[in-house]
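Got a structure open and wondering where its labels come from? Let's go through a few of them together.

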Amino acid sequence: MSRTALRICPLCEATCGLTLTVEGTRVTGARGDRDDVFSKGFICPKGASFGAVDGDPDRLRTPLVRRDGELCEATWEEAFDAVAAGIRGVVDRHGANSVGVVLGNPNVHTMAGALYPPVLLAGLGTRSVFTASTVDQMPKHVSSGLLYGDANAIPVPDLDHTDHLLLIGANPLESNGSLCTAPDFPGKLKALKARGGTLTVIDPRRTRTARLADRHIAIRPGADALLLAAVAYVLFEEDLVDTGELTSHLQGLDELRAAVQDFTPEAVADACDVDAGVTRALARELAAAPTAAVYGRIGSCTVPHGTLASWLVDVLNILTGNLDRPGGALFPQAATDRTPRPAGPSHGFALGRWHSRVSRHPEAKGELPLSALAEEIDTATAEGEPVRALIAVAANPVLSAPDGDRLDKALGSLDFMVSVDPYLNETSRHAHVVLPPPPPSQSPHHDFAFNTLAVRNQVRYTRPAVPLEPGRMAETEILARLILAATGMHGADPSAVDDLVIGQTLGKAVKDAHSPVHGREPGELTAELAGDTGPERRLDMMLRLGPYGDGFGVRPDGLSLTKLLAHPHGIDLGPLESRLPQPLKTRSGKVELLPQPLADDLPRLREALRHRADGLVLVGRRHLRSNNSWMHNVPALTGGTNRCTLQIHPEDAERLGLTDGAAVRVKGAGGEVVTETEVTDGVRPGVVSLPHGWGHDRPGTRLSHALKDPGVNVNQLLDGSLLDPLSGNAVLNGIPVKLAAVAAL
């Protein structure tokens with residue numbers, strides 16, 4: 001007998017609602033939930049393949065513990081005993097910073113990944129923290145922190161109402177959106193055009209998104225900040241700046257004008273390969289549009305001036321008066337955000353509070369560059385201990401970080417490693433203990449992070465669609481037990497972690513004059529919490545304290561878990577609205593247009609006007625049926641056009657003697673790979689493209705389908721030395737490479 005169950009899709013940032021078909025304990029089908037208040041039935045190939053992802057036979061079912069050099073199945077008790085002995089032994093001998101923590105991208109797609117890693121980091125007290133953010137989005141966090149005082153205050157384009165959308169380094173028809181949570185992004189772009197709006201795409205590839213655009217500008221990779229600075233120059237030069245209602249919230253407009261004076265359209269034209277007339281037209285079109293939004297993503301983050309490019313995206317929205325207004329770029333308000341506080345000067349945002357031990361990279365948002373992980377393990381210095389133990393949660397840095405070969409060797413030298421991962425992959429194969437979470441159908445879901453980036457305010461929660469199988473452990477309990485084992489509390493009840501967080505949160509809330517529970521007793525509030533589990537009680541607490549919450553009875557019509565459970569398709573909280581100055585946490589209480597760290601980095605951008613690398617440069621690419629390295633073990637999501645090939649323009653292919661399907665050697669500063677040539681005019685001359693997340697050919701993994709067509713690891717072409725200095729983000733795009741034809745594969 002089959003039944004249906006609702007589930008929010010965890011396979012990309014669109015967070016679409018799904019209706020699952022379940023037979024027994026097996027998910028046999030998935031379709032879009034037409035009643036979902038946010039996605040309204042939209043589904044992509046990943047969501048449609050939910051059952052295949054969920055039921056992948058290569059998923060680990062029991063913990064693994066290394067014995068005599070081999071990973072063997074073990075009980076949960078044995079696994080956590082080993083974790084406690086391994087981690088605490090390293091801490092006792094070498095100190096907290098000798099334990100590294102790596103958090104991968106999938107953490108933001110699960111409740112457990114949102115709720116427990118912050119507690120782990122606080123309990124360990126380590127500064128050796130590395131995440132996927134520094135191979136992806138850290139420049140946006142840093143620029144937002146410097147502009148607004150809050151690294152998580154990221155405005156998103158008001159897709160449903162804008163008249164002009166300019167995308168740079170973004171391909172949402174393939175990614176479904178990133179740092180902009182929007183189910184059916186393709187449909188929203190088509191609706192923009194249908195209502196007479198304009199879509200402009202800046203990308204060195206003629207992507208699916210670019211083919212939809214009214215104007216496609218094939219920029220030279222890595223020149224994003226130069227082009228955006230030139231657009232800002234034109235806005236000033238032609239008296240097109242109109243900050244409107246933003247004016248009273250801005251600081252540093254005159255300084256900004258002076259800062260971009262060197263970046264004329266004519267000065268940047270050669271470096272960008274964009275005609276000066278086109279740049280001026282971009283500026284005029286932005287200024288003339290009734291409403292407009294500029295949106296940049298990974299292509300503009302993973303370049304040498306990623307933070308400057310991310311800053312200039314917001315600068316253009318500000319100069320045209322489109323920040324914080326409907327149809328422009330707005331700050332979402334998630335249901336689990338903290339209680340809004342009155343606007344005014346705050347603590348601001350700081351960079352470089354500590355540095356990495358070897359290369360002295362400054363921290364950003366509490367993290368060190370993932371590119372530095374290998375050297376922090378394998379290099380001795382006089383300053384501090386190297387990383388001797390590693391906790392990897394949903395992370396595969398051997399494929400996602402530069403120079404995977406070096407990191408692969410470094411991981412093999414660790415005293416101890418624990419990996420929370422459903423697969424034995426290129427990274428977890430090095431672990432001394434592997435803790436496998438259950439498949440997503442057996443886990444609850446609420447999007448803590450993505451709702452802070454959503455293009456419409458809403459709230460949804462789904463309980464597990466399938467009961468936890470015997471022998472499985474909930475991901476939330478796995479991480480709670482990991483916290484206890486790693487912080488010297490091994491053996492305590494895992495509910496103690498949730499109780500601790502609840503107690504601390506409510507203890508602070510009752511002392512906060514701006515909180516709806518100010519002056520009340522924490523114990524009384526704790527007793528009111530609803531939910532069958534610790535994570536549900538924490539969600540209820542956050543909802544009730546949040547901007548739409550009932551305030552524990554203060555606002556009877558407000559949100560709570562009980563109310564949310566009564567609305568299984570979610571609750572619509574309305575369109576995005578203007579919120580300034582409330583989101584600002586700068587020391588001045590204003591948008592600080594030219595913070596000193598950005599001003600100090602501008603000479604490096606000016607230097608880029610005078611230097612242009614000759615030869616071919618490399619960019620990555622994304623496919624609709626993939627998300628980093630997650631899904632290459634699912635047959636339905638690989639094959640066809642989702643292949644690991646080197647795309648090259650016909651002119652470059654002819655010049656180098658390469659033909660479609662031929663083997664080609666690609667060489668970069670970090671190494672070389674051999675892959676298949678794909679000749680296409682979808683990339684501009686001078687540019688080649690390899691997708692990210694492939695390279696599943698290392699021994700000791702259990703990824704049977706991925707091994708059949710492993711592809712190559714594009715990050716092996718990097719040596720890890722190229723970083724955006726402000727954010728520590730790896731430079732993954734615009735990398736010089738050399739090609740050579742080789743014998744047939």
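Predicted model: local features only at pLDDT ≥ 70, side-chain atom pairs only at ≥ 80, totals over all residues.

Residues are numbered from 1 along each chain as its sequence is written, and side-chain values use heavy atoms, with hydrogens and water left out.

Q: Why is the contact between R684 and D273 called a salt bridge?
A: A salt bridge needs a side-chain nitrogen of Lys or Arg within 4 Å of a carboxyl oxygen of Asp or Glu. For R684 and D273 the N to O distance is 2.6 Å, so the pair qualifies.

Q: What makes this pair tie together parts that are 411 residues apart in sequence?
A: R684 sits in the loop between β24 (671–679) and β25 (687–689), while D273 sits in the loop between α12 (265–272) and α13 (276–288). (Helices are DSSP runs of H or I with at least four residues, strands are E runs with at least two, numbered from the N terminus.)

Q: Is R684 buried or exposed, and how do you know?
A: Buried means under 20% relative accessible area, exposed over 50%, and partly exposed in between (1.4 Å probe, protein chains only). R684 has 12%, so it's buried.

Q: What about D273: which label does it get, and why?
A: Its relative accessible area is 31%, so D273 is partly exposed.

Q: How many salt bridges does the structure hold?
A: There are 45.
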